Every structure is written in structure tokens, then in C-alpha cells.
Amino acid sequence: YKLSGYWLHKKDKATNKFKLDTALENIIKIYELDLEIKQLILVLLNNYETSLKTNFINLSLHISNENCDSYKNSHFYLSKKIISSANYEKNLEDLQANIDKNKSKLPFISWYQRKYDFPEMPPIWMVTELMTFGDISRWVKSIIHDEYVHIIPSKFGFDDKPSFDNVNYILTNLRNICAHNGRVFNNNIYGTRPKIIKIAKLDQILEQNGLNPKLWNSVVLAIYGLHSCGLTKEMHHIINTFDSIFEDPDYSRLKKVYYHYGFPPNWRQKLLDIFT
């Protein structure tokens, strides 16, 4: 059953029979290829998650204590002037649950609780260590203060915060698929929707008509964001690794395998165009 998703493209939709050139060993090769691709995607998204957390922490450098209610900028995430009240309670509830679960494992949490009575929650650079990709995406989405709302999106190359929030949602879902060994090959990952991603530089790179989003759009958006954050060298390494995987002799008989990830024939040049 685990392999069945990897042979769907080899079945005739009209007859539900396998095409004549189908071989089980090739299906297994595709599964092994998908494992390699998912490991690479996790490396890419780990970079992205770390950058998102770093920029969330650095937001404290921009925030004045006057906008933090009774807190200081090290605890700006506790201020309803900055964080949307619609998400405030749920975000804090999830964060408190993580603190309670991890305080015996993470010495910096227990150290903070022994040393300080107020605020009860640790400073921003501690609590981000407890956040998942989904958690940090929701916290960034919850920023509402006009003076600070665009700071993090702009670091990732986005002028439009709803677009940036949509990207983080897409990448969170992709991360969960990869982390839980779901199928990325020939699978429609949450693709970008028309008129959501409004970046002229990406118009000729993204697949925006919704017909074939697959993995391609997510890779483009993650590499674009991390290049904007200054991780260009790391992103070149990601592109080179994609290239070496697709060109691996073990997978050469699979024929244009990159297509099943939504990658166009000139995918490498399109990704390199992000850097120019």
C-alpha cells in the first residue's frame, strides 16, 4: 500500500491497468528517490524555519517598550498591542503547554523560572526554541501592529503580508508531509493560488494557474525567501543537490523524473534566476 501512490502515473485511467513499460524495480527506485528528495526538502525547510524564528526574535530590536503593555520588548509577544487578540489566547495556550512539557528537559526554561517571577513566560529568544514550524508561522501571522507588521515579510522579500502568511502555510504543510514520510512524488502539494503571490520577479518562475503545483512552487518560494534573507550560498547548495539527485544514474531510466515534482525542463536556470 505504501508503494501504491508511486505507481499511479503508470496506470491507464481508462482501463485501470498498468502500462506495458511498468516494472516493480522502477517503482521501488521512485520510492527511494522520493526519500532523498524529502531529506533535501527538510534541510531547505530547516533553514527556512530557523530564519523565520531568528527574524521573529530580532523583531524585539524594533519594538519600543511603550508598545509592550506592562512588558519589555524581550516579551513583546505577550502584548495585545502587537499580537492579534483573535489568536492571542490559543497561541499562549499552546506555548504554555510546550513549556510545561519541556521544562524538565530544557535547563534554560527551569533556570528562568527559578530566577524570575515576572513575566511568568520566558523571553522571546527562549520560547522560540519551543515552537514548531506551524507555531512560529501562526505567531508571525498574528502580528497586527502597523509599525511592525511588514518587518518580517520584507526580510523574506515580500511586500504583502497576506502573501507571506500564505507561503508559510504552504511550507508548513510541506514540512509535515516530509517529516511524516508522506509522498511528495507526483503529489499536489498546497500550491500558490492565482493573485496571491504578487512578486514580479517570480511571475515567470512560479506555476500559478493551479494545474500542476506539485513541489515546484514550494521550492521556488522557500529559495526566494532564504536568498532574500542572505542565505544565497546555502541555496546554491540546495540547487546543486537537486541536480545531483535528478542526474543520479540510479534514477536515469525513470525519464524526466523532475516532471513528477512539477519542475519544468529548465528548472535549474529558473531557480538561478532568483539570484539575479
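## Largest pocket

The largest pocket in this predicted model has a volume of about 510 Å³. Of its 22 lining residues, His9, Lys10, Lys11, Lys19 and His260 are the closest to the centre. By class, the lining has eight nonpolar, six polar and eight charged residues.

A pocket is an open set of points on a 1 Å grid over the protein atoms alone, with protein on both sides within 12 Å along at least five of seven lines; lining residues have an atom within 4 Å of a point. Grid points are joined across faces, edges and corners, and the volume is the space filled by probe spheres set on the points. Ala, Val, Leu, Ile, Met, Phe, Trp, Tyr, Cys and Pro count as nonpolar, Asp, Glu, Lys and Arg as charged, and the others, Gly among them, as polar.

## Second largest pocket

The second largest pocket holds about 180 Å³ of space. Its lining consists of Gly134, Ser137, Arg138, Lys141, Asp165, Asn166, Asn168, Tyr169, Thr172, Asn173 and Asn176. Two or more of these residues come from each of helix 5 (133–141) and helix 7 (161–179), and helix 7 gives the most, with seven residues. Helices are DSSP runs (H or I, at least four residues) numbered from the N terminus. The lining divides into one nonpolar, seven polar and three charged residues.

## Cavity

There is one cavity of 30 Å³ or more, a cavity being a set of grid points where a 1.4 Å probe fits but cannot get out. The space in the largest cavity is about 50 Å³, and Asn91, Asp94, Leu95, Asn98, Met131, Asp135, Arg138 and Trp139 line it. Helix 2 (85–102) and helix 5 each give two or more residues to this lining; helix 2 gives the most, with four. By class there are three nonpolar, two polar and three charged residues. Arg138 is in the lining of the largest cavity and also in that of the second largest pocket.

## Nonpolar core

The largest nonpolar core has 83 residues, of which Ile41, Tyr48, Phe56, Tyr77, Ile223, Phe242 and Phe263 touch the most other members. Helix 1 (residues 24–58) supplies the largest share, 13 residues. Such a core is a set of buried Ala, Val, Leu, Ile, Met, Phe, Trp, Tyr and Cys residues joined through side-chain atoms within 4.5 Å, where buried means under 20% relative accessible area (1.4 Å probe, protein chains only).

Apart from neighbours within four places in sequence, Ile223 is in contact (heavy atoms within 4.5 Å) with Leu44, Met235, Ile238, Ile239, Leu271, Ile274 and Phe275.

## Basis

Residues are numbered from 1 along each chain as its sequence is written, and side-chain values use heavy atoms, with hydrogens and water left out. Local features need pLDDT of at least 70 and side-chain atom pairs count only at pLDDT 80 or more, while totals for chains, interfaces and linings use all residues.

Methods. Buried < 20%, exposed > 50% of the residue type's maximum accessible area, 1.4 Å probe, protein only.
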